[in-house]
Amino acid sequence: MTGPFIPRRAAFFHVEEGWTDGGGNGWGAARGEHAAARERMVRDQLERRGIHDGRVLEAMRKVPRHLFVDPSLGWRAYEDSPLPIGEGQTISQPYMVAVMTAALTLQGRERVLEIGTGSGYQTAVLAELAAWVYTIERIPALAEGAQQTLGRLKHDNVSTQIGDGSMGWPEASPFQAIVVTAGAPDVPPPLVEQLEVGGRLLIPVGSPHAQTLRRVTKRDGGVDQEELVSCVFVKLVGEHGWHDE
Ligand code: SAM
(Lines give C-alpha, C1' and ligand atoms only; values in the text may rest on other atoms or scores of the structure.)
Protein backbone atom coordinates (compact mmCIF):
# COMPACT_ATOMS: atom_id res chain seq x y z
CA MET A 1 0.00 0.00 0.00
CA THR A 2 1.23 3.50 -0.67
CA GLY A 3 1.61 6.19 2.00
CA PRO A 4 -1.49 8.30 1.29
CA PHE A 5 -3.74 5.23 1.45
CA ILE A 6 -3.08 4.54 5.15
CA PRO A 7 -4.54 7.73 6.69
CA ARG A 8 -7.60 7.45 4.47
CA ARG A 9 -8.33 3.92 5.78
CA ALA A 10 -7.67 5.03 9.36
CA ALA A 11 -10.12 7.93 9.03
CA PHE A 12 -12.67 5.63 7.41
CA PHE A 13 -12.56 3.12 10.26
CA HIS A 14 -12.76 5.92 12.80
CA VAL A 15 -16.04 7.13 11.34
CA GLU A 16 -17.51 3.66 10.93
CA GLU A 17 -16.66 2.47 14.42
CA GLY A 18 -17.89 5.69 16.02
CA TRP A 19 -21.14 5.29 14.14
CA THR A 20 -21.82 1.79 15.50
CA ASP A 21 -20.29 1.70 18.93
CA GLY A 22 -22.15 4.04 21.23
CA GLY A 23 -20.76 2.55 24.43
CA GLY A 24 -17.15 1.79 23.50
CA ASN A 25 -13.99 3.16 25.06
CA GLY A 26 -12.96 5.17 22.01
CA TRP A 27 -12.78 4.13 18.40
CA GLY A 28 -9.51 2.20 18.69
CA ALA A 29 -10.85 0.05 21.52
CA ALA A 30 -14.14 -0.54 19.69
CA ARG A 31 -12.34 -1.54 16.52
CA GLY A 32 -10.18 -3.98 18.45
CA GLU A 33 -13.19 -5.48 20.23
CA HIS A 34 -15.09 -6.03 16.98
CA ALA A 35 -12.04 -7.53 15.28
CA ALA A 36 -11.51 -9.88 18.24
CA ALA A 37 -15.19 -10.88 18.19
CA ARG A 38 -14.93 -11.58 14.46
CA GLU A 39 -11.86 -13.72 14.99
CA ARG A 40 -13.71 -15.75 17.66
CA MET A 41 -16.71 -16.07 15.34
CA VAL A 42 -14.52 -17.52 12.59
CA ARG A 43 -12.71 -19.91 14.92
CA ASP A 44 -15.60 -21.14 17.09
CA GLN A 45 -18.61 -20.97 14.76
CA LEU A 46 -17.01 -21.70 11.38
CA GLU A 47 -13.69 -23.55 11.56
CA ARG A 48 -14.77 -25.81 14.45
CA ARG A 49 -17.90 -26.74 12.48
CA GLY A 50 -15.99 -27.76 9.40
CA ILE A 51 -15.72 -24.65 7.22
CA HIS A 52 -12.18 -24.90 5.84
CA ASP A 53 -12.28 -22.79 2.67
CA GLY A 54 -9.49 -20.30 3.42
CA ARG A 55 -10.88 -17.59 1.14
CA VAL A 56 -14.32 -17.74 2.78
CA LEU A 57 -12.79 -17.64 6.28
CA GLU A 58 -10.62 -14.67 5.31
CA ALA A 59 -13.60 -12.76 3.86
CA MET A 60 -15.63 -13.36 7.01
CA ARG A 61 -12.69 -12.27 9.16
CA LYS A 62 -12.63 -9.04 7.16
CA VAL A 63 -16.27 -7.94 6.64
CA PRO A 64 -17.50 -5.87 9.64
CA ARG A 65 -20.83 -7.59 10.33
CA HIS A 66 -21.67 -5.08 13.10
CA LEU A 67 -22.07 -2.37 10.43
CA PHE A 68 -24.91 -4.32 8.78
CA VAL A 69 -27.20 -4.36 11.84
CA ASP A 70 -28.90 -1.56 13.72
CA PRO A 71 -26.37 0.19 16.00
CA SER A 72 -28.38 -0.94 19.05
CA LEU A 73 -27.66 -4.57 18.06
CA GLY A 74 -23.98 -4.02 17.17
CA TRP A 75 -22.84 -5.77 20.37
CA ARG A 76 -24.70 -8.93 19.25
CA ALA A 77 -23.43 -8.89 15.65
CA TYR A 78 -20.95 -11.76 16.11
CA GLU A 79 -23.36 -14.07 17.92
CA ASP A 80 -24.12 -17.51 16.54
CA SER A 81 -27.61 -16.53 15.36
CA PRO A 82 -29.65 -14.55 12.85
CA LEU A 83 -30.67 -11.03 13.97
CA PRO A 84 -33.62 -8.81 13.03
CA ILE A 85 -32.97 -6.15 10.37
CA GLY A 86 -36.49 -4.64 10.25
CA GLU A 87 -39.48 -5.27 7.94
CA GLY A 88 -39.84 -8.74 9.53
CA GLN A 89 -36.56 -9.92 7.92
CA THR A 90 -33.23 -11.16 9.31
CA ILE A 91 -29.50 -11.08 8.68
CA SER A 92 -28.57 -14.76 8.39
CA GLN A 93 -26.54 -16.69 11.00
CA PRO A 94 -22.80 -16.37 10.21
CA TYR A 95 -22.46 -20.17 9.91
CA MET A 96 -25.21 -20.31 7.28
CA VAL A 97 -23.60 -17.46 5.32
CA ALA A 98 -20.33 -19.42 5.39
CA VAL A 99 -21.95 -22.75 4.37
CA MET A 100 -23.75 -21.16 1.42
CA THR A 101 -20.76 -19.15 0.30
CA ALA A 102 -18.35 -22.09 0.57
CA ALA A 103 -20.75 -24.32 -1.39
CA LEU A 104 -20.57 -21.88 -4.32
CA THR A 105 -16.79 -22.70 -4.62
CA LEU A 106 -15.93 -19.21 -5.90
CA GLN A 107 -12.48 -18.70 -7.41
CA GLY A 108 -12.61 -14.92 -7.93
CA ARG A 109 -13.64 -14.54 -11.58
CA GLU A 110 -17.37 -15.25 -11.22
CA ARG A 111 -20.40 -13.08 -11.80
CA VAL A 112 -22.71 -13.97 -8.91
CA LEU A 113 -26.43 -13.33 -8.55
CA GLU A 114 -27.79 -13.02 -4.99
CA ILE A 115 -31.54 -13.09 -4.33
CA GLY A 116 -32.46 -11.43 -1.01
CA THR A 117 -29.99 -8.63 -0.29
CA GLY A 118 -31.41 -8.05 3.21
CA SER A 119 -28.79 -6.12 5.20
CA GLY A 120 -26.16 -6.54 2.45
CA TYR A 121 -23.84 -8.58 4.71
CA GLN A 122 -23.66 -11.67 2.52
CA THR A 123 -23.40 -9.39 -0.52
CA ALA A 124 -20.24 -7.92 1.00
CA VAL A 125 -18.80 -11.38 1.71
CA LEU A 126 -19.53 -12.42 -1.89
CA ALA A 127 -18.03 -9.18 -3.21
CA GLU A 128 -14.76 -10.15 -1.49
CA LEU A 129 -14.72 -13.47 -3.33
CA ALA A 130 -16.10 -12.89 -6.83
CA ALA A 131 -15.58 -10.50 -9.73
CA TRP A 132 -19.06 -8.95 -9.61
CA VAL A 133 -22.18 -9.40 -7.47
CA TYR A 134 -25.70 -8.65 -8.72
CA THR A 135 -28.15 -8.54 -5.81
CA ILE A 136 -31.95 -8.19 -5.74
CA GLU A 137 -34.15 -7.27 -2.75
CA ARG A 138 -37.95 -6.94 -2.88
CA ILE A 139 -38.30 -4.57 0.12
CA PRO A 140 -37.18 -1.06 -0.90
CA ALA A 141 -36.20 0.12 2.63
CA LEU A 142 -33.84 -2.85 3.05
CA ALA A 143 -32.39 -2.47 -0.45
CA GLU A 144 -31.66 1.21 0.19
CA GLY A 145 -30.08 0.54 3.61
CA ALA A 146 -27.87 -2.20 2.17
CA GLN A 147 -26.81 0.01 -0.72
CA GLN A 148 -25.72 2.72 1.72
CA THR A 149 -23.71 0.33 3.88
CA LEU A 150 -22.04 -1.29 0.86
CA GLY A 151 -21.21 2.18 -0.46
CA ARG A 152 -19.65 3.23 2.86
CA LEU A 153 -17.51 0.09 2.80
CA LYS A 154 -16.37 0.93 -0.77
CA HIS A 155 -17.64 -2.27 -2.39
CA ASP A 156 -17.58 -1.07 -5.99
CA ASN A 157 -18.20 -4.46 -7.64
CA VAL A 158 -21.90 -4.72 -6.65
CA SER A 159 -25.04 -3.91 -8.68
CA THR A 160 -28.34 -3.68 -6.78
CA GLN A 161 -31.94 -3.93 -7.89
CA ILE A 162 -35.31 -3.68 -6.12
CA GLY A 163 -37.77 -6.30 -7.33
CA ASP A 164 -38.82 -9.94 -7.42
CA GLY A 165 -35.59 -11.93 -7.51
CA SER A 166 -37.42 -15.20 -8.17
CA MET A 167 -37.46 -14.03 -11.81
CA GLY A 168 -33.66 -13.59 -11.76
CA TRP A 169 -31.85 -10.80 -13.60
CA PRO A 170 -32.01 -11.91 -17.27
CA GLU A 171 -30.22 -8.85 -18.68
CA ALA A 172 -27.11 -9.62 -16.60
CA SER A 173 -27.15 -13.42 -17.16
CA PRO A 174 -25.56 -15.93 -17.49
CA PHE A 175 -24.15 -16.26 -13.97
CA GLN A 176 -21.52 -18.71 -12.76
CA ALA A 177 -23.13 -18.78 -9.31
CA ILE A 178 -26.55 -17.90 -7.85
CA VAL A 179 -27.45 -17.83 -4.15
CA VAL A 180 -30.99 -17.45 -2.81
CA THR A 181 -31.08 -16.34 0.83
CA ALA A 182 -34.82 -16.99 1.35
CA GLY A 183 -36.77 -20.26 1.45
CA ALA A 184 -38.66 -21.37 -1.68
CA PRO A 185 -41.30 -24.08 -2.30
CA ASP A 186 -39.19 -25.26 -5.27
CA VAL A 187 -36.29 -24.23 -7.50
CA PRO A 188 -37.39 -21.23 -9.64
CA PRO A 189 -36.96 -22.25 -13.34
CA PRO A 190 -35.72 -18.75 -14.42
CA LEU A 191 -32.76 -19.09 -12.07
CA VAL A 192 -31.71 -22.40 -13.64
CA GLU A 193 -32.10 -20.85 -17.10
CA GLN A 194 -29.85 -17.93 -16.12
CA LEU A 195 -27.09 -20.21 -14.81
CA GLU A 196 -24.10 -20.99 -17.01
CA VAL A 197 -23.34 -24.66 -17.72
CA GLY A 198 -21.12 -25.76 -14.82
CA GLY A 199 -22.62 -22.99 -12.63
CA ARG A 200 -23.93 -23.58 -9.08
CA LEU A 201 -27.27 -22.46 -7.58
CA LEU A 202 -27.71 -22.58 -3.78
CA ILE A 203 -31.28 -22.38 -2.49
CA PRO A 204 -33.24 -23.40 0.63
CA VAL A 205 -36.20 -25.52 -0.54
CA GLY A 206 -39.08 -26.80 1.59
CA SER A 207 -42.03 -25.56 3.64
CA PRO A 208 -42.28 -21.99 5.01
CA HIS A 209 -41.05 -23.33 8.39
CA ALA A 210 -38.23 -25.74 7.48
CA GLN A 211 -36.09 -26.21 4.42
CA THR A 212 -33.08 -28.13 3.11
CA LEU A 213 -30.25 -26.24 1.47
CA ARG A 214 -30.05 -27.53 -2.09
CA ARG A 215 -27.15 -27.17 -4.53
CA VAL A 216 -28.15 -27.34 -8.20
CA THR A 217 -25.29 -27.68 -10.69
CA LYS A 218 -26.18 -27.02 -14.32
CA ARG A 219 -25.00 -29.62 -16.83
CA ASP A 220 -25.35 -29.90 -20.60
CA GLY A 221 -28.99 -30.91 -21.00
CA GLY A 222 -29.84 -31.18 -17.29
CA VAL A 223 -28.95 -30.50 -13.66
CA ASP A 224 -27.38 -32.35 -10.70
CA GLN A 225 -29.05 -31.74 -7.34
CA GLU A 226 -27.56 -32.29 -3.86
CA GLU A 227 -29.15 -31.72 -0.44
CA LEU A 228 -26.61 -30.17 1.95
CA VAL A 229 -28.04 -29.16 5.36
CA SER A 230 -31.33 -28.43 7.11
CA CYS A 231 -32.10 -24.76 7.54
CA VAL A 232 -34.83 -22.23 8.33
CA PHE A 233 -35.06 -19.07 6.22
CA VAL A 234 -37.69 -16.37 5.77
CA LYS A 235 -39.92 -16.88 2.75
CA LEU A 236 -38.96 -16.15 -0.84
CA VAL A 237 -42.03 -14.11 -1.84
CA GLY A 238 -42.72 -13.75 -5.54
CA GLU A 239 -43.80 -15.24 -8.84
CA HIS A 240 -41.62 -18.37 -8.38
CA GLY A 241 -41.72 -18.35 -4.57
CA TRP A 242 -44.54 -18.11 -2.03
CA HIS A 243 -47.41 -15.90 -3.12
CA ASP A 244 -48.28 -14.54 0.31
CA GLU A 245 -46.17 -12.90 3.01
N1 SAM B 1 -28.37 -12.40 3.05
C2 SAM B 1 -29.05 -11.41 3.83
C3 SAM B 1 -28.12 -10.71 4.79
O4 SAM B 1 -26.92 -11.03 4.82
O5 SAM B 1 -28.59 -9.82 5.50
C6 SAM B 1 -30.21 -11.99 4.57
C7 SAM B 1 -31.39 -12.17 3.72
S8 SAM B 1 -32.90 -12.45 4.54
C9 SAM B 1 -32.68 -13.99 5.31
C10 SAM B 1 -33.88 -12.81 3.11
C11 SAM B 1 -34.20 -11.61 2.27
O12 SAM B 1 -34.85 -12.05 1.07
C13 SAM B 1 -35.17 -10.63 2.92
O14 SAM B 1 -34.59 -9.36 2.98
C15 SAM B 1 -36.39 -10.64 2.01
O16 SAM B 1 -37.05 -9.40 1.92
C17 SAM B 1 -35.77 -11.06 0.70
N18 SAM B 1 -36.69 -11.61 -0.30
C19 SAM B 1 -37.73 -12.45 -0.11
N20 SAM B 1 -38.31 -12.73 -1.29
C21 SAM B 1 -37.62 -12.06 -2.25
C22 SAM B 1 -37.71 -11.95 -3.67
N23 SAM B 1 -38.65 -12.60 -4.37
N24 SAM B 1 -36.82 -11.17 -4.30
C25 SAM B 1 -35.86 -10.50 -3.64
N26 SAM B 1 -35.73 -10.56 -2.30
C27 SAM B 1 -36.58 -11.34 -1.62
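Biologist: Is Ile139 buried, exposed or partly exposed?
Modeller: In this predicted model, Ile139 has 18 C-beta neighbours inside 10 Å, so it counts as partly exposed. A buried residue would need 20 or more.

Biologist: Where is Ile139 found?
Modeller: Ile139 sits in the loop between β4 and α6, the helix that covers 140-152.

Biologist: And which residues does Ile139 touch?
Modeller: Leaving out residues up to four places away in sequence, Ile139 touches Glu87 and Gln89.

Biologist: How far apart are Ile139 and Thr117?
Modeller: In sequence, 22 residues; in space, 9.3 Å from C-alpha to C-alpha.

Biologist: New topic, the ligand. Which residues come nearest?
Modeller: Gly116, Gly118, Ser119, Gly165 and Gly238 come nearest, out of 26 residues around the ligand.

Biologist: What is the shell around the ligand like: how many nonpolar, polar and charged residues?
Modeller: There are eleven nonpolar residues, twelve polar and three charged.

Biologist: Which helices and strands each supply at least two residues of that shell?
Modeller: β2 (89-91), α5 (121-129) and β4 (132-137) each do.

Biologist: Which one gives the most?
Modeller: β2 gives the most, with three residues.

Biologist: Last one, helix α3. Which of its residues are buried?
Modeller: In α3, residues 54-62, the buried ones are Val56, Ala59 and Met60.

Biologist: Why do the buried residues of α3 line one face of the helix?
Modeller: Looking down the axis of α3, its buried residues fall within an arc of 95 degrees, so they line one face. In general, an α-helix has 3.6 residues a turn, so residues three or four places apart point the same way.

Note on methods:
Residues are numbered from 1 along each chain as its sequence is written. This is a predicted model: local features need pLDDT of at least 70, side-chain atom pairs count only at pLDDT 80 or more; totals for chains, interfaces and linings use all residues. A residue is near a molecule or strand if its C-beta atom, placed from the backbone, lies within 6 Å of it. Helices (H or I, at least four residues) and strands (E, at least two) are DSSP runs, numbered from the N terminus. Ala, Val, Leu, Ile, Met, Phe, Trp, Tyr, Cys and Pro count as nonpolar, Asp, Glu, Lys and Arg as charged, and the others, Gly among them, as polar. A residue is buried if 20 or more other C-beta atoms lie within 10 Å of its own, exposed if 12 or fewer, and partly exposed in between; C-beta atoms are placed from the backbone. Two residues are in contact if their C-beta atoms, placed from the backbone, lie within 7 Å. The arc is that of the directions from the helix axis to the C-beta atoms.
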